[in-house]
Amino acid sequence: MIDWENLHYFSVFSEEKSLSAAARKLRVDHATVARRIAQLEQSLKLKLVDRRPRTYVLTSEGEQLAQVVARMMEETFSIERLALAGQQEVTGTVSISMPPLTAAHLIMPHLGKFYRHYPQLKLRVLGDVHYVSLQHREADIAVRFGRPKDEYLVARKVGEIPFGIYATPSYLASTNQENYEWISVEVGGVHGQKQQKLKEKLNNKDPLMVTNHPELQWRAACGGVGLAVLPDFLGQQGNLIKLPDNDPMSAEIWLVIHEDLRSSPVVRVVMDFLLNCFEPFRV
């Protein structure tokens with residue numbers, strides 16, 4: 001009997017092409033991924049990967065199985081979406097993916113009121129810096145900066161988040177403009193584009209500090225490290241001030257679902273809740 005969980009781990013590995021990347025996506029350690037693949041090989045009596053120094057490579061049989069499993073997973077995700085869409089009662093669990101700072105500062109403060117209205121509903125809130133797949137049901141709803149292009153997604157613009165260049169008053173008072181340093185966060189999309197504009201304003205100077213998480217960027221700015229591009233809802237906290245800018249910055253914010261879920265009552269309830277959270281940013 002094939003263990004479906006082993007197939008799932010193998011499927012993610014075949015997509016990501018590395019144990020470490022698969023482990024990050026599955027939120028386990030890489031040894032768990034390796035063990036699951038070994039168990040699948042043992043049950044099938046088939047070699048699926050070549051174990052080379054520092055890497056696993058799919059064998060020809062592994063490539064063939066990966067294609068079969070990918071099709072199986074797509075059908076499984078379709079079944080799960082069908083089940084959720086057909087559920088008429090507002091119960092169960094809905095997963096939401098969104099940038100972590102957006103979740104922390106714009107959504108979390110309103111969750112108490114939401115649960116008082118819908119105590120039978122549970123939310124799984126994923127604070128993701130990188131986009132997750134709605135096609136593969138890594139989330140049911142996504143909050144994204146910028147409109148997605150995938151045809152199978154349904155997107156609604158819910159507002160615009162103003163951005164600005166922020167620093168502490170003490171840093172600005174003690175530092176000449178030509179000596180300004182800046183803090184970068186490793187993100188793409190709109191936030192990344194706005195950081196590039198800041199870099200150009202500072203004569204293409206490399207950042208003094210680089211981090212992989214927006215909250216650490218904000219904390220560093222609050223600590224007087226230098227300038228940072230931040231959304232206004234965050235920059236206006238922590239004793240930071242916004243520098244004058246002749247080129248105002250903003251990012252469109254979109255609610256996104258898979259087209260299969262557009263008629264789901266439980267998804268609609270959560271979408272309406274998110275719409276209310278973003279009400280101050282509607283234009």
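The model is predicted: local features need pLDDT of at least 70, side-chain atom pairs count only at pLDDT 80 or more, and totals for chains, interfaces and linings use all residues. Residues are numbered from 1 along each chain as its sequence is written, and side-chain values use heavy atoms, leaving out hydrogens and water.

**Helices α2 and α3**
- Helix α2 spans residues 19–26 and helix α3 spans residues 30–44. Helices here are DSSP runs (H or I, at least four residues), numbered from the N terminus.
- Their axes come within 8 Å and cross at roughly 105°. Axes are lines fitted to C-alpha atoms over the stretch in contact, with angles from 0 to 180 degrees between N-to-C directions.
- The two helices are therefore roughly perpendicular (65 to 115 degrees).
- L19, S20, A22, A23 and L26 of α2 meet H30, V33, A34 and I37 of α3. Contact means heavy atoms within 4.5 Å.

**Nonpolar cores**
- The largest nonpolar core has 55 residues. Such a core is a set of buried Ala, Val, Leu, Ile, Met, Phe, Trp, Tyr and Cys residues joined through side-chain atoms within 4.5 Å.
- I141, L227, V270, L274 and F278 have the most contacts inside this core.
- Helix α11 (residues 265–277) gives the most to it, with 9 residues.
- Apart from this core lies another, of 21 residues, including Y9, A34, V49 and L65.

**Residue R35**
- R35 sits in helix α3.
- At 44% relative accessibility, R35 counts as partly exposed. Buried means under 20% relative accessible area, exposed over 50%, and partly exposed in between (1.4 Å probe, protein chains only).
- The C-alpha atoms of R35 and N6 are 8.9 Å apart, with 29 residues separating them along the chain.

Key:
Angles under 35 degrees count as roughly parallel, over 145 as roughly antiparallel, 65 to 115 as roughly perpendicular and the rest as oblique.
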